[in-house]
Amino acid sequence: MSLKFSVLASGSTGNAIYVETDTSKVLIDAGLSGKKLDELFVKNRLDPSTLDALLITHEHSDHIKGAGIFARRYNLPIYANEKTWKAMDSMLGTLKTDQKFHFETEETKTFGNMDVQSFGVSHDAAEPMFFTFTHGGRKLSVITDTGYVSERMKGIVGEADAYVFESNHDMGMLRMGRYPWSVKRRILSDVGHVSNEDAAHAMADLLDTNDKPAHIYLAHLSKDNNMKDLARMTVEQTLAGRGYETGRSLKLFDTDPAVPTPLAKV
């Protein structure tokens, strides 16, 4: 069986990504209520009771809102690094000791026949990290919630067959939007979020070093400072300017805060 995944929800209102092989099923983040998470699993005909683990990227509420209740409901082990555990433990409610596991940054763990590698990102959380997933020679890279994409990050997430890649905001919409300057400054900072343009250039850098076909899911779009069409158009134009036309071998996909993407083979 191949590596498959679905972006169940993505955006500032909550994030959750499902990844499976024939022997293991994991959920990355649980940033919605337990009820909403159950609804997303039902929409994709997935069974949360078969999950083997819940991996947490960082302690912000849009990534852990339903983590405690989901872990208790399905007796799930939760994996996070030590600093993230310290930051979020009191927010998850009561969990059994045997549901709490450490998964440190820059570490690789194996779940069934799937290898999961963690790596640090630049975000205003205790110790934020994201993951790559490999199985059967195929690779999925997930990277959102980062103020920039460093060469080190590119080296880890590169050579993937599929990417879930942050494309958070349009610079013009953010600058003209209703957010106070302090919030805009935080988003634009090195520990905020990457814009559509910066994300596209990072994607092009990755394609420069690896010309194999790739599917890229544009993720964690801002509800107030971005739109799906605008994000896709900006990324497409920037990639085209770097010599990469979207089409048969390079495809862009939308994600949504409330509608899961179909379960896709990597």
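**Salt bridges and exposure**

Mentor: Start with Asp-208, which has a relative accessible area of 44% and is partly exposed. Keep in mind that this is a predicted model.

Trainee: What makes Asp-208 and Arg-242 a salt bridge?

Mentor: Their side chains meet at 2.8 Å, N to O. The cut-off is within 4 Å, so the pair counts. Asp-208 sits in helix 8, and Arg-242 in the loop between helix 9 and strand 13, 34 residues apart. Shared partners join Glu-151, Lys-154, Asp-205, Asp-208 and Arg-242 into one network.

Trainee: How do you know whether Asp-38 is buried or exposed?

Mentor: Its relative accessible area is 18%. Buried means under 20%, so Asp-38 is buried. Its partner is Arg-73, at 2.4 Å, N to O. Arg-73 has 39% relative accessibility, so this residue counts as partly exposed.

Trainee: Why is Arg-178 called exposed?

Mentor: Arg-178 has a relative accessible area of 67%.

Trainee: What makes Arg-178 and Asp-224 a salt bridge?

Mentor: The closest N and O atoms are 3.1 Å apart. That is within 4 Å, so the pair qualifies. The pair ties together parts that are 46 residues apart in sequence.

Trainee: How many salt bridges does the structure hold?

Mentor: The structure holds 15.

Terms used: Residues numbered from 1 in each chain as written. Predicted model: local features only at pLDDT ≥ 70, side-chain atom pairs only at ≥ 80, totals over all residues. Heavy atoms only, no water. Buried < 20%, exposed > 50% of the residue type's maximum accessible area, 1.4 Å probe, protein only. Helix = DSSP H or I, 4+ residues; strand = E, 2+ residues; numbered from the N terminus.
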